[in-house]
Amino acid sequence: MAVILIHSEEYVDLTFKLRGAPIPLDNGYVIYSGLSSICPSLHELKSVGIHPIAGIPTRNNLLELTAQSRLKIRIYHQQIPLIYPYLAGQAFHIGQNFYQLDIPDYKPLISSESVYSRLVVIKGFQDSTNFIEAVQRQVDNLGIQGKIELLTRQDGTPQRRQLTLSVQIVLYFNGQIILLPIFPIALNIAILRVRK
């Protein structure tokens, strides 16, 4: 994965109502794969992002979709015609289950004074102090000035969690970046994770 900076006015979030059977709790890749089966051009786009889908977690590692569940795709505004006809009002499948997309709404990105992530992983940095230093180095390399904060539990300890992927266990933190007002340009950018 590579991180790129974008000007917020050039990108939009296409928001589709999503209906169907429960989806896997860790659904990023399966959603991307399902969408790519009906919209092959998704593989060619370098700066497209798929937001996490909201729903109700179940005990068997599934996410039950609700009336508020949405598929949000962040895309460069000039690339919308490359995916819109393939996705708007269409159905796709994950395994044997089918999912229906409605006609999307679109929303331009809105500047923010802080950025939050519920999952931040940097390989090799598992204690909070070294982790914050590693995040700060990466943010500095992007030319963004900000204060890194880890979310904490009631007792003041950082929220460190565990994610199990097949046989590998990954430890991660919840965190946010509070952008400093010295660089107002930073308020007009967004960070996207894209495939290498």
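What share of the contacts in the protein chain with a separation of 6 or more comes from residues 24 or more positions apart? The share is 70%, where contact means heavy atoms within 4.5 Å.

**Figure 1. Welcome to the whole chain, a predicted model with 3 helices and 15 strands.** Helices (H or I, at least four residues) and strands (E, at least two) are DSSP runs, numbered from the N terminus. Residues are numbered from 1 along each chain as its sequence is written, and side-chain values use heavy atoms, with hydrogens and water left out. As the model is predicted, local features need pLDDT of at least 70 and side-chain atom pairs count only at pLDDT 80 or more, while totals for chains, interfaces and linings use all residues. Of the 196 residues, 33% count as buried; buried means under 20% relative accessible area, exposed over 50%, and partly exposed in between (1.4 Å probe, protein chains only). The chain exposes about 12200 Å², with 54% supplied by carbon and sulfur atoms (Shrake-Rupley method, 1.4 Å probe; for residues, only the protein chains shown count as cover).

Figure 2. The pLDDT, the predictor's confidence in each residue from 0 to 100, has a mean of 78 over the protein chain, and 76% of the residues reach 70 or more.

**Figure 3. Let's step into the largest nonpolar core, which has 25 residues.** A nonpolar core is a set of buried Ala, Val, Leu, Ile, Met, Phe, Trp, Tyr and Cys residues joined through side-chain atoms within 4.5 Å. L35, I73, I75 and I83 touch the most other members. Two or more residues each come from β2 (11-20), α1 (28-38), β7 (70-76), α2 (80-87), β8 (91-94) and β9 (97-101), and β2 gives the most, with 4 residues. Not counting residues up to four places away in sequence, I83 touches L14, C39, S41, L42, L45, I73 and I75. A second, separate core of 8 residues includes F131, A134, V139 and I144.

**Figure 4. Helix α1 has a buried set of residues and a tyrosine pair.** I31, Y32, G34, L35 and S36 are buried in α1; their cover includes β3, β4 (49-50), β7, α2, β8 and β9. Y29 and Y32 are 3 residues apart in the helix and so are separated by about one helical turn. Y29 is exposed, at 63% relative accessible area, whereas Y32 is buried, at 12%.

**Figure 5. Aromatic rings come together in 3 pairs across the whole structure.** Rings of Phe, Tyr and Trp (its six-membered ring) pair if their centres lie within 6.5 Å; planes under 30 degrees apart count as stacked, over 60 as edge-to-face and the rest as tilted. The rings of Y11 and Y76 have centres 5.5 Å apart and planes at 55°, so this pair is tilted. Y11 in strand β2 and Y76 in strand β7 are 65 residues apart, and their pair links distant parts of the chain. Y11 counts as buried at 6% relative accessibility, while Y76, at 22%, counts as partly exposed. The Y29 and Y32 rings, with centres 6.4 Å apart and planes at 50°, also form a tilted pair.

**Figure 6. T15 is a buried residue in strand β2.** Its relative accessibility is 8%. Leaving aside neighbours within four places in sequence, T15 is in contact with R70, L71, K72, I103, P104 and D105.

**Figure 7. β8 and β9 form a hairpin with 2 residues between the strands.** The two strands pair in the antiparallel sense over 4 bridges (strands pair if DSSP finds at least two bridges between them). H93 stands opposite F98 in β9, and G95 takes a positive phi near 60° in the hairpin.

**Figure 8. Finally, an open sheet of 3 strands runs in the order β3-β6-β5 with antiparallel pairing.** β3 (23-24) and β5 (56-57) stand at the edges with a single partner strand each, so one side of each is left without a neighbour in the sheet. β5 pairs with strand β6 (residues 62-64) over 2 bridges, and P57 stands opposite L63 in β6.
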